[in-house]
Amino acid sequence: MKRLINYITLLGLLLGVYSCKDDIAYVEADWARPIFPIDGASVKIDYFKPNDTLNFTWEARSNATYKIMFDTDMHFENAVEMDMGHLDSLKIRNEDFLAVLKELRPQFNSIGRYFWKVEQSYNGHVQSSWRYFDAVLTVESFTDARDNEVYNANQYVLLDGSLLTIMRENLRAKVYADNTAFPFAAKWAGTSNEVYNKLAGAYYTWATATRLSWDDAKEAHLAGEEVQGVCPDGWHLPSMSELEQLRLYLGQYTAGLAVKDPMYWKNTVNITNSSKMNIVPSGYFWHEGVPTIDAGIDAANPVAYFWTLTPYLKGINYAWGEVAMDDNKSKATLMSLYNDVDDIYFQGYSVVPGVENRGCPVRCIMNRK
């Protein structure tokens, strides 16, 4: 009987608490409370908008002072620290924030996890709370300083977690970034469709695109170096492996459907352009002595070719079962898309001047090193 009375008493207390819950006033916390960014947020830093600001906010208690700390882990043993006084937010320029991130992690160049902490001092008491965020170096558009051409760019977090930023348009440069002339002048589609001509961009020989000898290109490729070549400052000519990573991310066997602009391809079945890469059938020039574009917009079976940094090297697996049995100094690797197939392919083509020294477009990748 005593046990039963105890149960009834306990039940009554619980019911009493429940029935009075609406009468309990919210007690405002007096410890440091970060507000934004929340745990796991993506903090985007536009590389080409250095003066835009980011905003970190927290609850500020009257008469309390604050410090903000950033670090690469939750222990904050090597933190960058900022005294904020009585403020309730930190407004920091993209350029300055990127400098903080690089101070903490010098190799930071695309995406990385960081931690931030709010430390509150009030009446001699020090309390703190931290959150984590993913810093993402973003680019939506940029201006090429050599000619003031404006390009849009796309970003993808690849299957290995790395960030790849690639031009969403074909390069249109007429000289190198240091204003040096090309060894072979760039060519242009020159059709009556001016919109298409701009989308097709300029056509470069492989020697022009890389600005290297075949042997130097091989050395750079094997070392994993980022070669600027014809690209703007801060960008480089893609390697085959970089474009293969993008292909796998977009979908093996169907990547072509995700990158083609359906406005310009003849076979538009299942084209989604979901990647927003907007690739048109730009075709190619056979070599520097040929005045007209081949397999372009008016061709029966249009194609798009793009140069890579990668020479034709022993052991590389190319499209349709071709395996390079040995290095071939007369060839280099290009990325290809065809009207009647759904994937992205890699092939080896001649780079011998005066023969099949093809002129192809280029899409540059933002440096990650």
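How much accessible surface does the chain have, and what share of it belongs to carbon and sulfur atoms? The accessible surface comes to about 18600 Å², and 52% of it belongs to carbon and sulfur atoms. Areas follow the Shrake-Rupley method with a 1.4 Å probe. The model is predicted: local features need pLDDT of at least 70, side-chain atom pairs count only at pLDDT 80 or more, and totals for chains, interfaces and linings use all residues. Residues are numbered from 1 along each chain as its sequence is written, and side-chain values use heavy atoms, without hydrogens and water.

The chain holds 7 helices and 18 strands. These are DSSP runs, helices being H or I of at least four residues and strands E of at least two, numbered from the N terminus. The radius of gyration, taken over C-alpha atoms, is 28 Å, well over the 21 Å that the globule rule gives for 369 residues, so the chain is more spread out than a compact globule. That rule is 2.2 Å times the number of residues to the power 0.38. The C-alpha trace spans about 100 × 50 × 45 Å along its principal axes.

Of the 369 residues, 48% count as buried. Buried means under 20% relative accessible area, exposed over 50%, and partly exposed in between (1.4 Å probe, protein chains only). In helix 2 (residues 94-104), the buried residues include Phe97, Leu101 and Leu104.

Two loops carry an asparagine with positive phi. Asn148 lies between strand 9 (141-144) and strand 10 (149-157). Its phi is near 60°, and Asn148 is exposed at 58% relative accessible area. Asn179 sits between strand 11 (163-167) and strand 12 (187-188). Phi of Asn179 is about 70°, and this residue is exposed at 55%.
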